[in-house]
Amino acid sequence: MAVRGGSATEPAVARSTLSEQWLLVVAATILVGGMFADGRAHSTLELDSFFTPPHTIIFIGYLVALAVMVLTVRSRLRGVAVWRHAIPVGWGAAILGVLLFGLGFLGDGAWHTVFGIEADLEALLSPSHLILLAGGLAIFSAPVMAQWSDARSEASWRVLGPAIAAAALSTAAVSFFLFWIWPVSAGVPLRSFSEFAGQFERDAQDALIGLGNARGLAGYVIFAVVLVAPLLFLERRWRLPTGAIFLITVLPWVGMLYAFDLVFAWVRLIPVVVGAIIAEVGAARWVSAARSRRWRVIAPLLVLTVFALDMLVMQLRWGLGWPAEFVAGTAMFAAFAAYGIALLAVPPKLPEADLAPASAVLDPPSEPTS
């Protein structure tokens, strides 16, 4: 049991241990693994029942998370006047998340009973599934927020490991629910899509190709934000240890390829691995630079590398249906989006003069009188 502080007027502060945070990461890993297994089942099989092996995996992950929460809080109840004071710092949202996830799971069973089993985009937009996502993200937040609120937290794998793993799993979960805009999904911008559009009249053909191009561009820009946002968020608090960028960047890509992009094979994993390695090298070489300057380079470089290589791989393997200027412009546009997010998430340090009280600037001291 980890409890700090406490006085006659203030309750003791409950802190989670690293072991408890890792146990919650194990539960989150089971949940996310079941979610991607469910995505693969939906994309390869015709499901006609709510009771499937992937749903069983998800339910097991939920039970593990629930058990970790209950045992963690219960171990801190002794000597606490109010039960909520036994909740470790940073775990409040996760407690609500467990309740919300359980409600979503029950609602999902009822929804499928009434409306049947959804497919494609309908499955991602199901209200019960969105409740599950909200509950899951709240559960995953506990290791991150626990370390964030701890003044003794240090940027090492020994201490920060659960938070880094939880951030990678959260990114994977968000990526899963954004499958509908996943870059180059469903033949966009592959040549096969242009060939499909060519079967229609000229006006319909132009409209389809235009929609496909816009969808492909939007996918790359949105996933540029998904790639760099968790890294920039953690960098506001710590200088990430070596390997953190790689895990947070590559893990969601692996899950997405496993669940959905079966037709593209694993060759599309090469770009994200190369991009993550380049970002890791850049972060290690520029460790002495200010965070704002480092990430104004690393964030767009990561995105530009991953997406430019991704389109190159597809051009060599399958052939793209985009003109050269659209390919180059899309990769650059996504990199600019990452640069903008870096400016907002890790701003430059304020000059010391701006930190002085406003009255000292507006009312300078009067000159001494003789």
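User: Where in the protein chain is confidence lowest, and where is it highest?
Analyst: The lowest is helix H13 (residues 358–362), with a mean of 50, and the highest is H6, at 94. The score is pLDDT, the predictor's confidence in each residue, from 0 to 100. This is a predicted model, in which local features need pLDDT of at least 70 and side-chain atom pairs count only at pLDDT 80 or more, while totals for chains, interfaces and linings use all residues. Residues are numbered from 1 along each chain as its sequence is written, and side-chain values use heavy atoms, with hydrogens and water left out.

User: What is the mean pLDDT of the protein chain?
Analyst: The mean is 82, and 79% of the residues reach 70 or more.

User: How many helices and strands does the protein chain have?
Analyst: There are 13 helices and two strands. Both are DSSP runs numbered from the N terminus: helices are H or I with at least four residues, strands are E with at least two.

User: Back to H6. At what angle does H6 pack with H5?
Analyst: H5 (residues 127–148) and H6 (residues 157–177) pack at about 160 degrees, their axes 8 Å apart. Axes are lines fitted to C-alpha atoms, for helices over the stretch in contact, and angles run from 0 to 180 degrees between N-to-C directions. H5 is therefore roughly antiparallel to H6. Angles under 35 degrees count as roughly parallel, over 145 as roughly antiparallel, 65 to 115 as roughly perpendicular and the rest as oblique.

User: Is the crossing of H5 and H6 left-handed or right-handed?
Analyst: Left-handed. That term applies if the near helix is turned anticlockwise from the far one by less than a right angle; clockwise is right-handed.

User: Which residues make the contact?
Analyst: On H5 they include Leu133, Leu137 and Phe140, and on H6 they include Ala163, Ala166 and Ser170. Contact means heavy atoms within 4.5 Å. The contact residues divide into 16 nonpolar, three polar and no charged. Ala, Val, Leu, Ile, Met, Phe, Trp, Tyr, Cys and Pro count as nonpolar, Asp, Glu, Lys and Arg as charged, and the others, Gly among them, as polar.

User: Serine 170, then. What does serine 170 touch?
Analyst: Leu137 and Phe140, leaving out residues up to four places away in sequence. Serine 170 is buried, at 17% relative accessible area. Buried means under 20%, exposed over 50% and partly exposed in between, with a 1.4 Å probe and protein chains only.

User: And H6 with H9, at what angle do they pack?
Analyst: H6 and H9 (residues 244–259) pack at about 30 degrees, with axes 9 Å apart. That makes H6 roughly parallel to H9. Their crossing is right-handed. Among the residues that meet are Ala168 and Ala172 in H6 and Leu251 and Pro252 in H9. The contact divides into 14 nonpolar, two polar and no charged residues.

User: Valine 226: where does valine 226 lie?
Analyst: In helix H8 (residues 202–235). Valine 226 counts as buried, at 14% relative accessibility. Valine 226 touches Thr171, Ser175 and Leu178, not counting residues up to four places away in sequence. Its C-alpha atom is 9.4 Å from that of alanine 172, 54 residues apart along the chain.

User: Last pair. At what angle do H11 and H12 pack?
Analyst: H11 (residues 291–317) and H12 (residues 324–345) pack at about 155 degrees, with axes 8 Å apart. The two are therefore roughly antiparallel. H11 passes H12 in a right-handed crossing.
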